[in-house]
Amino acid sequence: VKGGRRLRALTLLAAGALVARMAPAAELAPAPAGIDADLLARRAEDVLRSDSSFLEAAMTIASPRLPADRVVRFRSWEDRAGKRSFIRILSPPKDAGTGFLKLQQNLWMYVPRVERTIRIPPSLMLQPWMGSDFVNDDLVRSSSESEDYTHRLLGVDPDPDGGEGRPAYVVEYQPREEAPVVWGRIVGWIDTEHYTPVRLEYYDEDGAVVRVMRFDRTREVDGRWFPHRWIVRPLHQEGHQTTIEIDTIRFDPPLDASIFTTRNLQRWEH
Amino acid sequence: MGLELRFSWRNVWRNPRRSALTIAATVFAVVLVLFFVAMAAGQHEQMIEDAVRLASGHVAISGAGYRESQTLEHYVTLDPRLEGAVESTPGVRGWAPRLVGFALASKDGATRGVAVLGVDPAREPQVSMLPERVTRGQFVSPELPHGIVLGAELARALGARLGDQVLLYSVAYSLEGAYDLFRVVGIVDVPDTELERRLALVSLADAQAFYVYGDRVSELAVLADDAGAAPALAHRLLVRLSALDGQRLEVRTWEQLMPGLAQLILLDDAGMYLLLVILVVVVAFGILNTILMSVLERRRELGVLLALGLRPASIFRIVYLESLLLAAIGLAIGMAIGIALVLWFQAHPVPLEGRAAQATELFGFQPLLVWKLKPWNPIGSALTILGVAVAAALYPAIRASRGRPVDALRSL
């Protein structure tokens, strides 16, 4: 099955890549020599993530079916080195207390209203997270853009869309064979000076762009140029958009090991 | 004419053994044709019926765009006007509203992605085989709020038994988290293993509450009188529903919803017709052979008849009638046997066993061989055999009428 999937993806990619790659390539400047694409991907990831981090954010979901945008506030703790993360939903009231715990490749979700914990199988990593246009994989980070992909530098975009006039490296991410990756491939724009991700285009296995993520409101935090707003837009769903605005970000805070436990997951006062 | 017919009739029995063999071949062919056509018709109807009774009926009405997206985004809003319009459309054998959603079903440590089917317990038996497929417990009912019926494979995977609680989690139409505990009230066994692995049935009211969906449903499943009536019914429904303003709806037939099944049937039919053509060609050569032999054998006799002043056209008719008589006798006997045989099998379906049964169940069909005699089936077979006889007798008849008395007499 895996071989067949790969073969199909390869043929489609070969056809799709010809069309897809020609478009940006026409405007791309050649990259300066000696730039290591793997290192570039690593540095871009390091801007967003550290060995550990804590953040508090508001996620705003816009959809044609909603009379008013839905806002979900949450806190997130991540221990990247230990491959652990924890998320707690703070509001709206109906969802408050919902928790997510990731340990290695395992993901659990706690539903306080019925006091149950659900194990979410890896096959559901592409399911929407909390009704947003983000998917489970975006939030719980079961895959890593620097480790689970091979990287190829396509060139430099002098004025990328959403880059506010700052040039960006254009890097293609191809998933490694054995990686727990849910995308066919990713094309990323990375700021040439600060290595801040500017824009990520996600392709499915058939080689079609399915969503675009943009990063802006970049401010310096602990020596990193951290984008405080992340916007994701699915391309096949008209009028849908999800924005995450980060109010608080702390890099390398002391994190107690008790955070990343099922006991903590189920600890929520109504 | 009367004389010619008498001549022909006598000629048929001139060599009774040969004629009997030809008639037997025709009988055999007619019986086989009737039997196989009826078996294929029965099989196909059964396949379609099984499939539509597990899926969305012969005709499905859904919100415009639903077939592509298969999400809560596209829906049908139920209201009395719409229900009345569907109910009163001629040719609707039954209909039922359905809400189709995705959810995670979880019990203890096990979680599975499931297809949640919200059904109206009162209407569902009209269109689907699901209620009668409940092997343990019972179907969802208004008396059992928050009851859930699981596919047998799904129940096994979750380790869920009757009376156990299962948590469903999904995203509601309002994009809030949807979670609720349901109690397992029944286990359903469906021939489609893949479906059985992810099917979770709840009442429509529970599903609408769970997904915060109001009066909306995903589709209306409509059953037609039979598969062949689906396109016309779909058209009538479309016309009626277009007259109701307000909702943009799409109407699809089972052939559009299950193109794989439609193609499978087409392919099966093609294979069967190829077999029938071969059978019919064999019969044609049988008739040709018998008549030609009897013509060659009777060169002298025919020559004498010509010398006595019988016109070639009469000879032609005598020989031609002979072959038609042969075909007609074979046809009559074949029809009688064939129709009786098919009617008997129609009343007594043959259950499949062992590996054949497993294979059909794997494809989602009942392991049962059924026959269905359709009126056009014997008529078509009769016309085909007669047509073949008419064509096959042409050459011997022409040959007989062209003989010259002198040649015939010389060979005395």
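Trainee: What share of the contacts in chain A with a separation of 6 or more comes from residues 24 or more positions apart?

Mentor: In this predicted model, such residues account for 50% of those contacts. Chain A holds four helices and 13 strands.

Trainee: How much of chain A counts as buried, and what is its accessible surface?

Mentor: Of its 270 residues, 52% count as buried. The accessible surface of chain A comes to about 12600 Å², and carbon and sulfur atoms contribute 51% of that area.

Trainee: Why is Arg224(A) called buried?

Mentor: The relative accessible area of Arg224(A) is 17%. Buried means under 20%, so Arg224(A) qualifies. The residue belongs to strand β12 of chain A, residues 224-234.

Trainee: Which residues does Arg224(A) touch, leaving out those up to four places away in sequence?

Mentor: Arg224(A) touches Asp46(A), Val47(A), Arg49(A), Ser50(A), Arg219(A), Phe251(A) and Asp252(A). A contact requires heavy atoms within 4.5 Å.

Trainee: How far from Arg224(A) is Tyr203(A), 21 residues apart along the chain?

Mentor: Their C-alpha atoms are separated by 28 Å.

Trainee: What makes β5(A) and β6(A) a pair of strands?

Mentor: Pairing needs at least two bridges. Strand β5 (residues 106-111) and strand β6 (residues 116-120) of chain A have five, in the antiparallel sense, so the two count as paired. Within this pair, Val111(A) stands opposite Arg116(A) of β6(A).

Trainee: What lies between β5(A) and β6(A)?

Mentor: Four residues lie between them, and the two strands form a hairpin. In the turn, Glu115(A) has a positive phi of about 50°.

Trainee: Turning to chain B, how do you know that the span of helix α2 is close to the expected one?

Mentor: Helix α2 of chain B, residues 16-54, has 39 residues.

Trainee: Why is α2(B) described as mostly covered?

Mentor: Of the 39 residues in α2(B), 29 are buried.

Trainee: Why is Leu274(B) called exposed?

Mentor: Leu274(B) has a relative accessible area of 57%. Exposed means over 50%, so Leu274(B) is exposed. Its place is in helix α11 of chain B, residues 259-297.

Trainee: Which residues make the nonpolar surface patch with Leu274(B)?

Mentor: Ile278(B) and Val282(B) make the patch together with Leu274(B), and its area is about 310 Å². Patch residues need over 30% relative accessible area, and Leu274(B), at 57%, passes that cut-off.

Conventions:
Residues numbered from 1 in each chain as written. Chains lettered and ligands numbered in written order. Predicted model: local features only at pLDDT ≥ 70, side-chain atom pairs only at ≥ 80, totals over all residues. Heavy atoms only, no water. Buried < 20%, exposed > 50% of the residue type's maximum accessible area, 1.4 Å probe, protein only. Patch = residues over 30% accessible without salt bridge, like charges linked within 9 Å, V, L, I, M, F, W, Y side chains within 5 Å. Areas by Shrake-Rupley, 256 points an atom, 1.4 Å probe, with all protein chains shown as cover. Salt bridge = Lys/Arg side-chain N within 4 Å of Asp/Glu carboxyl O. Expected span 1.5 Å × (residues − 1).
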